[in-house]
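Hi,

Here is the structure for you to look over. My notes follow below it.

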Amino acid sequence: MSAHDDVEVRPRKVRKVVIPVAIVLVVVFALAGTLLRNTPTGAFFRVSDQISMGVLGLLLACGVLLLARPRLRADADGIEVRNIIGTHRYPWSLVEAVSFPDGAPWARLELPEDEYVPIMAIQATDGDHAVLAMRRLREVRRHAEHPENS
């Protein structure tokens, strides 16, 4: 098996949405922080309040960008799944199946004892991209389990 048989997948549509949303959050909160002034209602805003609004916008944007973090890497040795938080690598010997249940938002690894790991990098909303990713992933797994058939 060669390096060109390795698979790396990232979600597509969610990335197209979260990046503009993160930019809008930063701009809106920076603008709100800039426009914070003393109001006739008696509210008194200081420079620290204005800075806090900008920082809050940055934190929210970072949180939204976490949705673009998922990634899948698979090779002859195993599969590495990075979801929103955390990265785990599983050898193919531990993986019982790679599935995409009907109605599920993303694919998953079937592990022993009815456990599973979501693969958020392969999302139903990606349509043909997800189908191709699943085919490539299953092919890599098949080659890893039966290298003599390569």
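Asp-114 counts as exposed because its relative accessibility is 79%. Here buried means under 20% relative accessible area, exposed over 50%, and partly exposed in between (1.4 Å probe, protein chains only). Asp-114 sits in the loop between β6 and β7. Its phi is positive, about 60°, although it is not a glycine.

Glu-113 is in the loop between β6 (106-111) and β7. Its phi is positive too, near 60°, and it is not glycine either. At 72% relative accessibility, Glu-113 counts as exposed. Helices (H or I, at least four residues) and strands (E, at least two) are DSSP runs, numbered from the N terminus.

The model is predicted: local features need pLDDT of at least 70, side-chain atom pairs count only at pLDDT 80 or more, and totals for chains, interfaces and linings use all residues. Residues are numbered from 1 along each chain as its sequence is written, and side-chain values use heavy atoms, with hydrogens and water left out.

Now the buried pair. Ala-121 lies in strand β7 (residues 115-123). Its relative accessibility is 2%, so it counts as buried. Pro-70 is in the loop between α2 (47-65) and β2 (71-74). It counts as buried at 0%.

What does Ala-121 touch, leaving aside neighbours within four places in sequence? Its contacts (heavy atoms within 4.5 Å) include Pro-70, Arg-71 and Asp-126.

Regards
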